[in-house]
Amino acid sequence: MEHHQERSDHRSQDLPQVLVIKPPPVLTLFEDKFISSKFQLLKAWESTLPLDQFLTNYAGSVRAVLCSGASPITADIIRLLPSLQLVITASAGVNHIDLTECRRLGIAVTNAAGVFSDDGADAAVGLLIDVLRKVSAADRYVRNGLWPAKGDYALGSKLGGKRVGVVGLGGFGSAVAKRLEAFGCTVLYNSRTQKPSVPYPFYSTVLELAADSDSLIICCGLTAETRHMINREVLLVLGKQGVIVNIARGAIINEKEMVECLVRGEIGGAGLDVFENEPNVPEELFGLDNVVLSPHRVVFTPESFVAASELVVGNLEAFFSNKPLLSPVIYE
Amino acid sequence: MNNTCVLVTCPMFTYLEQELETRFNLFKLWDHSSSKAEFFNNYSSSIKAVVGNTKVGADAKLIDSLPNLEIVASYSVGLDKIDLDKCKQRGIKVTNTPDVLTDDVADLAIGLALAVLRKVCVCDQFVRSGNWINGDFGLATKFSGKSVGIVGLGRIGSAIAKRAEAFQCPISYHSRSKKPNTNYKYYLNIVDLAANCEILVVACALTEETHHIVNRKVIDALGPKGFLINIARGAHVDEPELVSALLEGRLGGAGLDVFENEPEPPEQLFALDNVVLVPHVGSDTGETSKAMADLVISNLEAHFKGKPLLTPVI
């Protein structure tokens with residue numbers, strides 16, 4: 001408690017508080033961007049109290065909470081925040097927020113989807129090229145001295161002309177599609193609903209999309225419907241040369257079944273930034289050269305983080321000034 | 001045609017060798033490495049065609065030893081391993097494999113840039129080594145929107161530009177002369193190009209003029225926040241200067257497919273996190289290798305049937 005007193009001594013104690021249960025990476029790296037004349041941060045993680053006790057003691061009048069994947073906003077948490085009116089996440093994904101409960105109680109939610117699209121798409125394309133052209137594996141080959149010892153590396157697979165199925169054509173999916181077109185790929189997509197103004201062929205199920213694609217790029221949100229949507233059936237239909245890239249959420253893919261398919265050579269390769277149980281990654285993948293792994297980093301550039309922090313602060317300032325939120329999540 | 005003697009200079013691609021064998025009387029130079037003199041004694045005057053590549057082409061010595069050589073068909077687009085002057089003098093035709101490999105090389109250029117800036121290989125290693133359990137990885141560098149400077153705006157350079165534009169990268173270039181039908185900004189001087197871009201991509205042909213075109217001055221102009229991508233020829237870059245710039249942090253990073261002394265890239269680079277090194281794989285996909293091989297075969301068949309060459313250089 002003393003810690004909090006010190007921190008708010010030099011600021012007006014009338015500033016409304018924004019609860020932060022655990023700091024999102026963007027706060028850890030760019031805290032200076034969160035200093036505002038309109039609010040102050042209430043940092044739950046700095047207290048020695050158990051969370052529910054802390055919230056009961058200190059968060060009774062908190063109207064806004066800043067969260068991330070590491071600090072989900074569950075119905076239980078919401079229950080301990082009787083004044084809560086706004087949930088802000090510094091991420092694009094909102095699967096760690098009980099949206100149903102928020103909607104029921106009229107709690108607004110904002111996310112940071114738009115600012116991450118370019119970096120996310122860049123990483124998706126980077127992973128796809130890496131898997132097809134074996135960039136990381138070839139880099140290891142060179143660094144291990146195998147080029148003079150064993151000669152030419154194995155041939156890769158051409159990106160141009162490939163049929164790439166994009167799963168989810170929101171901000172990320174659209175940005176990925178635009179890039180892939182420049183490489184001469186044919187873009188196909190699946191999404192909850194068909195988008196009329198989009199030039200790419202629409203497939204109403206992921207299975208049909210996979211059957212007609214050489215590669216799949218997962219760009220959709222994690223919901224009850226999309227959990228384990230990519231399973232053995234979909235992967236088998238993608239085929240032995242098929243490549244899957246996931247920059248969305250690990251749980252969209254049935255990870256156990258995907259690992260089995262990879263180990264057995266039933267699909268051609270995978271580029272994965274996300275996993276079902278981060279930071280744990282199935283160890284069977286570590287020995288595979290047709291897999292490229294990334295530690296949930298696809299949006300981790302300074303530009304994305306600065307933009308995300310500005311968006312979070314912008315949303316908070318708008319909220320506390322009774323102005324329209326900048327990036328509200330629209331319930332469907 | 002089955003009696004026509006064709007010499008292939010080094011192992012390139014099994015499919016190519018097989019296709020050559022079904023059509024011609026094929027000699028593999030490396031089968032005779034222990035008895036070269038004898039081989040040339042017996043067969044040199046029969047050989048009418050040479051198939052070479054980026055490792056072993058057709059230099060003056062080889063051409064001089066083949067008095068009845070009519071055509072050199074290179075399994076590459078680059079011609080730096082062929083003595084073109086000698087071929088011109090002797091009236092020997094030369095073909096290469098343009099266009100069919102443009103996409104793959106351009107794809108790799110962008111792939112290398114993404115790999116270096118976004119630390120794809122480093123992240124992969126981070127996860128494989130089990131380090132993610134111990135803590136998070138840091139930030140990488142954004143690729144979209146970075147200014148890309150291309151050295152040589154030929155087929156491959158233009159293809160790289162087109163791809164980079166989809167990432168909203170402003171494009172500028174340097175070449176021998178300004179290209180008429182483009183809106184990209186032109187720099188007469190490569191140092192100015194390097195000073196005004198964040199990612200410099202080498203995509204020109206290797207000639208006497210472009211040897212070491214990326215030198216200390218260019219590297220300094222590119223600077224500690226700049227990146228060099230080379231998918232052209234190792235000799236385009238003053239490699240010792242590049243290595244010391246990377247070791248000393250005077251250059252932000254590099255993605256390299258080619259080196260001055262293949263297959264031995266400078267070992268001092270192996271420990272660096274801001275470089276990506278691949279073993280001359282620019283056109284190494286199954287699809288493109290086959291297309292290149294088919295083009296070599298088609299050029300040879302056209303020549304020996306008295307038909308126009310498909311992709312003549314001279």
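Biologist: How far is the sulfur of Cys10(B) from the closest cysteine sulfur?

Modeller: Keep in mind that this model is predicted. A disulfide is a covalent bond between the sulfur atoms of two cysteines. Here the cut-off is 2.5 Å. The closest cysteine sulfur to that of Cys10(B) belongs to Cys87(B), and it's too far for a bond, at 17 Å.

Biologist: Is Cys10(B) buried or exposed?

Modeller: To count as buried, a residue has to be under 20% relative accessible area. Cys10(B) has 8%, so it's buried.

Biologist: How many disulfides are there over all chains?

Modeller: Pairs of cysteine sulfurs have to be within 2.5 Å to count. By that rule, the count over all chains is zero. Take Cys220(A), which is in no disulfide: its nearest cysteine sulfur, in Cys219(A), is 7.7 Å away. So the total over all chains stays at zero.

Biologist: How are helix 7 of chain A and helix 6 of chain B oriented to each other?

Modeller: Their axes come within 9 Å and cross at roughly 80 degrees. Angles of 65 to 115 degrees count as roughly perpendicular. Therefore helix 7 of chain A and helix 6 of chain B are roughly perpendicular.

Biologist: Which residue's side chain does Lys28(B) join through a polar contact?

Modeller: Lys28(B) sits in strand 2 of chain B. Leaving out residues up to four places away in sequence, Lys28(B) touches Leu7(B), Val8(B), Glu17(B) and Glu21(B). The polar contact, at 3.4 Å, is with the side chain of Glu21(B).

Definitions and conventions: Residues numbered from 1 in each chain as written. Chains lettered and ligands numbered in written order. Predicted model: local features only at pLDDT ≥ 70, side-chain atom pairs only at ≥ 80, totals over all residues. Heavy atoms only, no water. Helix = DSSP H or I, 4+ residues; strand = E, 2+ residues; numbered from the N terminus. Polar contact = N/O pair within 3.5 Å; in protein donor to acceptor, adjacent residues only side chain to side chain. Contact = heavy atoms within 4.5 Å. Buried < 20%, exposed > 50% of the residue type's maximum accessible area, 1.4 Å probe, protein only. Axes fitted to C-alpha atoms, helices over the stretch in contact; angles between N-to-C directions. Parallel < 35°, antiparallel > 145°, perpendicular 65-115°, else oblique.
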